[in-house]
Structure formats: C-alpha cells, structure tokens
Amino acid sequence: MIKTENLSCAYGEDEDKYLVIKDLNLHIERGSFTAVLGHNGSGKSTLAKHFNGILLPSGGKVYVDGLDTSDENMIFKIRSLAGMVFQNPDNQMVAAMVEDEVAFAPENLGVDPAEIRRRVDRCLEIVNMTKFAKTAPSRLSGGQKQRVAIAAVLAMEPECIILDEPTAMLDPSGRQEVIRTIKMLNKTKGMTVVLITHYMEEAAEADRVIVFDKGEIVMDDTPKKVFSQTEKVKATGLDVPQVTELVHALRKEGIDLPEDIINVQECADAIFERLK
Amino acid sequence: MIKDITIGQYIAGNSPIHKMDARIKILCAFYFIVLLFVIRNPVQYAVITLFIAFMVKLSGVALKFILRGLKPMLFILLFTVIINIFMTPGEPIFELDIFSWTLSITKEGVVTGIYMLLRLIYLVIGTSILTLTTSPLMLTDGIEKILSPFRVIKVPAHEIAMMMTIAIRFIPTLAEEADKIMKAQTARGADFESGSIMRRAKAMIPLLVPLFVSAFRRADELAVAMDARCYHGGKNRTRMKQMKMSRYDIYAGIVFFVLSAILAIAMIAF
C-alpha cells in the first residue's frame with residue numbers, strides 16, 4: 001500500500017543540514033495495522049507527513065498504491081487514498097457543524113451532492129456519531145471530536161488511514177474510544193492503518209510495530225517480539241507496556257514466565273498459571 | 001459561560017422568513033435598505049413602518065431580541081438626530097444665542113432629524129431580522145452564492161465565505177482559550193477587573209499576546225489538515241447542501257413588489 005525507497009528528509013542547507021529521516025526503506029502492507037513508535041523528535045510525524053504528500057522527500061521516493069507522491073497531478077488522488085488524522089482535534093475541524101465537517105473532503109473532491117449525503121451518513125454511522133450530526137464540534141468531547149475527524153477522512157473513501165498521535169490530547173476514556181474505532185476499521189473494514197503514537201499500550205494492539213529513532217528504523221517486528229526486547233526498546237528512550245515491564249522484572253528474579261506478554265489479560269493468566 | 005457566544009444571535013424558528021432561501025433573504029434585506037433611502041414623504045414612512053411591523057410579527061422573533069440590536073446604536077442615533085436638527089438650514093422655530101454664535105433649530109431640521117432616526121432604526125431592525133432568522137452557515141453560503149458572479153472581476157467569493165465559516169467555527173474555541181489564559185494569568189496575580197479603563201486595557205496585553213500566538217499556530221495546523229483533505233479552493237468544489245428556492249421566496253418577491261408599487265404611488269400622489 002505504502003512504500004518508501006531510500007526516503008530521506010532534511011531540514012536546512014549544506015552545513016546546517018539536519019537529516020530527520022535517513023535513507024528509509026519501508027513497505028506497509030495492504031490491510032495491515034502498523035504502529036510507529038518513537039520518542040519526541042524521532043522524526044515519526046515527519047515520516048507520517050510523507051505518506052500523503054504533505055511533505056515531499058528531499059531524497060528517494062514514496063509510493064502510495066503505486067503512485068509517486070512527488071507527482072503533482074496525482075496529489076489529490078494520493079491524499080484521498082491515504083487519509084490523515086492529526087493530533088489536535090480542535091485544529092483540524094473546518095466547519096461549525098459535524099455533518100458539514102464530514103462533507104468537507106468529498107466536497108473538495110467534487111463528489112455529487114446526493115453521494116456526499118450518503119457518504120456522510122455512512123461515515124458517521126461507522127464511527128457511531130450519527131446522533132451528533134447537527135451538533136457544533138465545540139460541544140463534543142475530545143474522543144468524539146477525534147471520531148468525527150476519522151469520519152471526515154473516511155468520507156474520502158481512502159484505502160489507508162494514517163493517524164498522527166490521535167490520542168495524545170485525550171483523556172483515557174477518549175483514548176479508548178478512538179483506539180477501539182481504529183481497530184474496528186482495520187478488522188472489519190480491512191482498512192490499512194498506520195498509527196503514530198508514543199503510547200506503548202496502543203502499539204501493542206497493532207500487528208506490526210516499528211520503532212523509530214533518529215530518523216532510522218531500529219526495530220520492526222510483531223508487538224510481542226519488539227516488546228520482549230525490553231532493554232533495546234528502553235535504549236531508544238521509550239518505555240515498554242507496564243505488563244511487559246513487570247514480566248521482565250519477574251523473569252530477572254528467576255520466575256519462569258513467557259517472554260512475549262504484552263497485555264494485561266495474558267499477564268494475569270500467566271501469573272495465575274504460575275501460582276496454581 | 002464564555003462558550004455560549006453565538007455570532008449573529010441566530011434564533012431558530014419555523015416562520016416563513018426562516019424558511020426563505022438565504023440568498024433571496026440577503027437580497028431582500030439589501031433592497032429594503034435601498035427603499036429606506038429613497039422614500040421621502042410621511043405617507044411612505046407610514047407604509048414602511050407598517051411593513052416592518054408586519055415583518056417582525058411574521059418572523060416570530062421576540063421584539064426584545066430585535067430591539068437589543070438598537071442598544072449599541074443609541075449614541076449614533078442620538079448624534080445623527082442632534083446634528084440634523086441643528087445643522088439643517090431653513091425656517092427657524094427656536095433660536096439660542098451663545099456669545100456671538102446663533103444656534104437655531106429649524107422646522108426642516110426637526111423633520112429630517114425624525115426621518116433620519118426612523119431610517120436608521122428600520123435599517124437596524126431590517127438587518128436584525130435577516131441575521132436573527134438565518135443561521136451563520138446559511139448566511140455565509142448565501143453570501144458566497146451572491147458574490148460568485150463577481151468572480152469575473154476577481155472577487156474571491158469562495159475564499160470570503162470560507163474565511164467567514166472558519167471564523168465562526170473558531171469563535172468558541174478561541175473564547176475557551178481566552179478564558180483559560182485569563183484564569184492562568186489570574187492565578188499568577190494578574191488583575192483584569194479593577195482600575196481605570198487604561199489600566200484594564202493594559203492588563204489585556206498579556207492575554208492577547210498568547211491568544212494571538214496560539215491562533216496562528218492553530219491556523220497553520222488547520223491549513224495542513226485542510227490540505228490533507230484535498231482542499232484546493234472553490235474550483236470544482238461541490239456542496240452537500242444545495243440551496244433551494246421555495247414558495248416562500250416567491251411570496252417574498254410578491255410582497256416586495258407590492259411594497260415598491262405602494263411606495264411609488266405614494267411618492268407620486270403626495
């Protein structure tokens with residue numbers, strides 16, 4: 001779905017040149033759920049902005065569904081294929097009413113009015129926000145706003161959705177709402193999802209975790225394999241999920257538990273098993 | 001509390017005026033203003049007065065909301081009347097000598113003063129009816145449509161409407177933020193409430209600077225988010241909500257035609 005070839009991105013010129021992304025080769029499979037982890041300033045947001053042509057590579061290429069993002073004639077096609085949701089829910093809303101917000105993207109694409117109506121209704125239903133169609137976004141909670149933002153992107157009928165720290169400004173319940181919606185999109189609608197985050201618990205939900213540091217991929221594997229390498233993850237300035245941390249500590253003390261535990265339930269079961 | 005600010009003070013309703021197409025309503029309001037400035041005799045004023053009373057009644061909006069719009073105009077109204085009363089040349093009915101300067105009230109002055117007062121009051125009421133019965137969104141959409149023929153002479157109709165929509169959308173967000181900054185500053189000892197006007201105005205600076213900075217940051221992020229959703233101006237753009245004219249717009253046309261006819265007859269006859 002998304003492919004980068006020797007992608008590099010640099011700020012500044014010549015001597016002050018600072019490489020944010022270094023010679024990156026990455027392939028995101030259709031229908032996959034990939035989490036990109038990295039601490040602040042690791043270049044993960046910059047990477048995300050390359051996936052739909054908001055930023056253009058300073059070196060190398062990015063292909064979305066085989067289309068080169070630097071091809072100006074294709075840019076709207078690319079952006080509607082790879083929709084993007086941003087961090088701050090307040091700063092990505094254009095309209096003063098939820099349904100107009102969702103209609104914004106298809107309106108830009110010149111879709112027929114009756115078809116826009118259908119898409120708006122369908123997308124609001126997918127994110128379970130139908131009853132707020134006529135509400136002003138300012139009256140919604142953070143989690144609801146982000147779900148509207150997701151619906152607004154879905155209205156372009158993308159094949160891939162890129163979320164750039166969509167939960168960073170939400171409270172725990174809002175965070176759950178959003179993650180549940182994302183997972184549902186991936187599992188039931190077969191949507192390719194790229195989730196940029198720094199919450200380990202969220203990354204643990206994905207099929208594939210990419211740990212990004214100083215513009216390079218340090219780790220790229222399933223969540224279980226990535227988080228079981230506790231020391232290596234910590235070396236990049238990140239934490240592992242709390243349960244993984246606990247298992248790691250217990251293992252160090254010589255208690256025999258499986259290495260690849262990443263969620264609370266698994267952990268509880270394993271400990272219960274040991275205590276029996 | 002600050003979150004509840006609404007622009008234009010739209011009052012939802014179900015009256016024939018509410019149901020009119022925003023474009024027609026805006027044009028009617030404009031036409032009404034033009035009429036206000038061409039009428040000149042008492043009979044015509046009486047007709048307009050009856051008309052506006054009928055419109056207020058028809059809109060179903062409480063009179064107090066309509067009169068509220070006049071409050072900030074009070075000073076301008078008073079000023080206009082006084083200037084007209086004293087400055088219109090004509091037959092004096094009252095003279096006042098202050099040193100070597102004669103202040104005189106003329107008959108013509110009183111008449112023009114009253115006319116001017118009525119004109120301005122009706123102007124405010126007429127436009128209030130427009131903004132009170134049309135949601136801000138419909139209003140911006142209507143303005144976009146009305147301005148679109150002027151694109152030929154490079155009037156950025158879509159851009160103007162887009163800016164207005166975004167401004168309306170961000171009012172509650174920025175109001176909330178202003179509230180937050182104000183509380184943060186108060187917590188650190190800032191005083192927004194006491195002192196002279198000058199002092200209070202100065203106290204606003206630490207509020208406005210961060211608000212401005214944040215507004216620019218928001219604008220930047222919004223622009224990226226709009227780009228990501230393929231926004232590229234008004235070209236080839238469709239709208240989900242199509243404006244449709246209804247029978248109420250035809251009625252409005254008839255009402256205004258009849259009004260114009262009566263006014264024209266009144267002008268010739270009296």
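This is a predicted model: local features need pLDDT of at least 70, side-chain atom pairs count only at pLDDT 80 or more; totals for chains, interfaces and linings use all residues.
Residues are numbered from 1 along each chain as its sequence is written, chains are lettered from A in the order in which they are written, and side-chain values use heavy atoms, with hydrogens and water left out.

Secondary structure was taken from DSSP runs numbered from the N terminus (helices, H or I, at least four residues; strands, E, at least two). Helix H8 of chain B (157-187) comprises 31 residues and spans 44 Å between its first and last C-alpha, close to the 45 Å expected at 1.5 Å a residue; the expected span is 1.5 Å times one less than the number of residues. A kink of about 40° is found at Phe170(B), shortly before Pro172(B), the bend being the angle between axes fitted to the seven residues ending at a residue and the seven starting there. Gly189(B), with a positive phi near 95°, follows H8(B).

Helix H10 of chain B (residues 205-228) has 24 residues and reaches 35 Å, close to the expected 34 Å. Its buried residues include Leu207(B), Leu211(B), Arg218(B) and Leu222(B), where buried denotes under 20% relative accessible area, exposed over 50% and partly exposed in between (1.4 Å probe, protein chains only). These buried residues of H10(B) pack against helices H8 and H9 (197-203) of chain B, and also against helix H2 (75-81), strand S6 (82-85) and helix H3 (98-108) of chain A. Cys230(B), whose phi is positive and near 65°, follows H10(B).

Nonpolar cores were defined as sets of buried Ala, Val, Leu, Ile, Met, Phe, Trp, Tyr and Cys residues joined through side-chain atoms within 4.5 Å. The largest contains 51 residues, and Ile150(A), Ile161(A), Ile182(A) and Phe227(A) have the most contacts inside it. Helix H5 of chain A (residues 142-154) gives the most to this core, with 6 residues. A second, separate core of 32 residues includes Val61(B), Leu77(B), Tyr122(B) and Leu263(B).

The contact between the chains (heavy atoms within 4.5 Å) takes 30 residues from chain B and 38 residues from chain A. Buried area, the accessible area (1.4 Å probe) that two parts lose on being put together, summed over both, is about 3000 Å² between the chains, with carbon and sulfur atoms giving 57%. Arg169(B), Arg229(B) and Met240(B) lose the most area in chain B, together 28% of what that side buries.

A salt bridge places a side-chain nitrogen of Lys or Arg within 4 Å of a carboxyl oxygen of Asp or Glu.

Within chain B, Arg239(B) forms salt bridges with Asp141(B) at 3.2 Å and with Glu144(B) at 3.7 Å. Asp141(B) lies in helix H7 (residues 136-147) and Arg239(B) in the loop between H10 and H11 (247-269), so this pair ties together parts 98 residues apart in sequence. Asp141(B) is buried, with a relative accessible area of 16%, while Arg239(B) is partly exposed at 22%. Glu144(B) is likewise buried at 16%.
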